[in-house]
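Open the model in your viewer and show it as a cartoon. The stops below go from the whole chain to single elements.

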Amino acid sequence: MSVPTLKQAPLHENTRIMGVGAYRPDVIVTNDDVCQWIDSSDEWIRQRTGIITRHRAPADISVIDMAEGAAREALQKAGIEASQLGAVIVSTVTHPYATPSAAASLADRLGATPAPAFDISAACAGYCYGIAQADALVRSGAANYVLVVGAEKLSDVIDNTERTISFLLGDGAGAVVIGPSDTPGIGPSVWGSDGSKWDAIGMTGSMLDLRELATAGKQGGALSAEEAAVTDAAVWPTLRQDGQTVFRWAVWEMAKVAQQALDAAGISAGDLAAFIPHQANMRIIDEMAKKLKLPETVIIARDIADAGNTSAASIPLATHRLLQENPQLSGGLALQIGFGAGLVFGAQVIVLP
Ligand SMILES: CC(C)(COP(=O)(O)OP(=O)(O)OC[C@H]1O[C@@H](n2cnc3c(N)ncnc32)[C@H](O)[C@@H]1OP(=O)(O)O)[C@@H](O)C(=O)NCCC(=O)NCCS
């Protein structure tokens, strides 16, 4: 039997980030505001985290609304029409539906239909996971232009009265368009996971917990309508973490991952114009910079002071601000690294648009 040779999509040798967009919601929450709910102080939060304020979205603004705001700016900066997009990726852990995805709705709103659209659940590494996928999609010829959005409404999954994580978190969205390039604009992705620390950060009151609760002593039984109603009303999932475990992992293990991303790109710390780590804690940022021996010429993103930790949105938001405040960085090299619940991590060196 003679089998015809299949055609394959034309490959692109290189990719780059073409434009960055941001959406920062209006409500500013100060440390004093946070201290109404937890036993803490403005001084403690500043010293231990570097956070002064965080932005949070009002009830009528959704993850998709914020993603749309950031995406429209990214498309405009990239000079790309939504109809040219070959894929729409939204990294988020706070779109309140397991299905349908935030990305499908976003693609429709933007006019990108029928582009493939999907969400990534990789918490604070979600944006770097998105870049890894977009880079691969464009290079493989599966898409010409890919929209990657990190969007989070963490205020929806905060228990304001708990002390391990609530005070760190903010809302927002950042977006980029990835497309083909004459020269390499995205270095190899160093990405991975360590599920042995699955419990270090995560949500309480998951459906599984509720089911276990309701079916305790009732081997494998399905929930009755009454039980389901009680459990539905009982717990809304909120975030918790073992801060010290995450802190130590971030400082020790993530500095190694960041170094691997530099090595994979064939550059050294001295070649960087900027360092854009996930905005988790100013002390983690400082420790990583020290371990990487970043020279003073490297500008470090410190968006966390005003934005708090916005999970998947934190790196693109910080990139957007860095370029706004330092337009001379355009065309320079930046090392970006995201890490968080899973645990998961992702890093790459990129050329700033
Ligand atoms: C959460 C975090 C700021 C806590 O800081 P820490 O220095 O590790 O704090 P510890 O848990 O060691 O507690 C130290 C002291 O501060 C107190 N403390 C803890 N949380 C506090 C809070 N929110 N306000 C005031 N005091 C607090 C503790 O009670 C403890 O007091 P003690 O010494 O009298 O017992 C820090 O661990 C962190 O940033 N971790 C990583 C977080 C992160 O990146 N998460 C997201 C990943 S994407």
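Begin with everything selected: the protein has eleven helices and 14 strands. This is a predicted model. The C-alpha atoms occupy a box of roughly 65 × 60 × 35 Å along the principal axes. Colour by accessibility, and 52% of the 353 residues count as buried. Among contacts with a separation of 6 or more, 79% are between residues 24 or more positions apart.

Next, select residues 243-265, which form helix α8. Its 23 residues should span 33 Å at 1.5 Å a residue, and the end C-alpha atoms are 31 Å apart, so the two values agree. Centre on M254, where α8 bends by about 35°. M254 is also one of the buried residues of this helix, which include V246, W249, A250, A261 and L262. In an α-helix, residues three or four places apart point the same way, because there are 3.6 residues a turn.

What do the buried residues of α8 pack against? Show β8 (190-193), β9 (201-203), β10 (239-241), α9, β13 and β14 (344-351): these are the partners. Then step past the end of α8 to G266, which follows the helix and has a positive phi, near 75°.

Now select strand β11, residues 274-277. Show side chains: A274 and I276 point one way, F275 and P277 the other, and all of them are buried. Side chains in a regular strand alternate between the two faces of the sheet.

Strand β12, residues 299-300, runs parallel to β11 and is joined to it by two bridges; here F275 has I300 as its bridge partner. Strand β13, residues 333-340, is also parallel to β11, with four bridges between them, and A274 stands opposite A334. Display helix α9, residues 282-291, as well: β11, α9 and β12 make a right-handed β-α-β unit.

For the last stop, move to helix α3, residues 63-78, and pick I64. Is I64 buried or exposed? Its relative accessibility is 11%, under the 20% cut-off, so I64 counts as buried. Leaving aside residues up to four places away in sequence, I64 touches H95, A102, S105, L106 and R109.

Note on methods: Residues numbered from 1 in each chain as written. Predicted model: local features only at pLDDT ≥ 70, side-chain atom pairs only at ≥ 80, totals over all residues. Heavy atoms only, no water. Buried < 20%, exposed > 50% of the residue type's maximum accessible area, 1.4 Å probe, protein only. Pairing = 2+ DSSP bridges. Right-handed = clockwise from strand over helix to strand, strands pointing away. Contact = heavy atoms within 4.5 Å. Expected span 1.5 Å × (residues − 1). Bend = angle between axes of the 7 residues up to and from the residue.
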